[in-house]
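Here is a short report on one protein model. Keep the structure open while reading.

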Amino acid sequence: MVRPLTEAGADEYIHYGTHFTSMFRRCCPERVTTARIEAEGRLKILERPRGDALRAA
């Protein structure tokens, strides 16, 4: 989890894995990797590390 460097609210953060995956899917929708992420339900895998990071913060 990455928080802004400036003063920000406690709920402002970016989970790097979720951010990277979302950007990849948006920028490269036609790639075989994007189809695999969606077909194999890999987005659900990101929910656990993101939740763990939020609880630890």
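## A first residue

Is Thr 21 buried or exposed? Thr 21 has a relative accessibility of 15%. The cut-off for buried is under 20%, so Thr 21 counts as buried. This is a predicted model, and the value is computed from it.

Thr 21 sits in helix 1. Leaving aside residues up to four places away in sequence, Thr 21 touches Ile 37, Leu 43 and Leu 46.

## Overall make-up

The protein has three helices and zero strands. Along the sequence, the pattern reads α-α-α. Helix 1 covers residues 16–27 and helix 2 covers residues 32–39. Helix 3 covers residues 43–56.

The protein has 57 residues, and 16% of them are buried. Its accessible surface comes to about 4800 Å². Carbon and sulfur atoms account for 56% of that surface. Take the contacts between residues at least 6 apart in sequence: 39% of these join residues at least 24 apart.

## Helix 1 against helix 2

Two packed helices are described by the angle between their axes and the distance between the axes. How do helix 1 and helix 2 cross? Their axes come within 9 Å and cross at roughly 125 degrees. That angle makes helix 1 oblique to helix 2. The crossing is left-handed.

Helix 1 brings Thr 21, Phe 24 and Arg 25 to the contact. Helix 2 brings Thr 33, Thr 34, Ile 37 and Glu 38. By type, the residues of this contact divide into two nonpolar, three polar and two charged.

## Thr 34, on the helix 2 side

Thr 34 lies in helix 2. Which side of the burial cut-off does Thr 34 fall on, buried or exposed? Its relative accessible area is 2%. Buried means under 20%, so Thr 34 is buried.

Residues up to four places away in sequence are again set aside. Thr 34 then touches Phe 24, Arg 25, Cys 28 and Pro 29. Phe 24 and Arg 25 belong to the helix 1 side of the contact between helix 1 and helix 2.

## Leu 46, in helix 3

Leu 46 is found in helix 3. Leu 46 counts as buried because its relative accessibility is 19% and the cut-off is under 20%.

Which residues does Leu 46 touch, not counting those up to four places away in sequence? They are His 15, Gly 17, Thr 18 and Thr 21. Leu 46 and Gly 17 are 29 residues apart in sequence. In space, they are 7.0 Å apart, C-alpha to C-alpha.

## Back to Thr 21

Thr 21 takes part in the contact of helix 1 with helix 2. Thr 21 also touches Leu 46, a residue of helix 3.

How values were computed. Residues numbered from 1 in each chain as written. Predicted model: local features only at pLDDT ≥ 70, side-chain atom pairs only at ≥ 80, totals over all residues. Heavy atoms only, no water. Helix = DSSP H or I, 4+ residues; strand = E, 2+ residues; numbered from the N terminus. Buried < 20%, exposed > 50% of the residue type's maximum accessible area, 1.4 Å probe, protein only. Contact = heavy atoms within 4.5 Å. Areas by Shrake-Rupley, 256 points an atom, 1.4 Å probe, with all protein chains shown as cover. Axes fitted to C-alpha atoms, helices over the stretch in contact; angles between N-to-C directions. Parallel < 35°, antiparallel > 145°, perpendicular 65-115°, else oblique. Left-handed = near helix turned anticlockwise from the far one by under 90°. Nonpolar A, V, L, I, M, F, W, Y, C, P; charged D, E, K, R; others polar.
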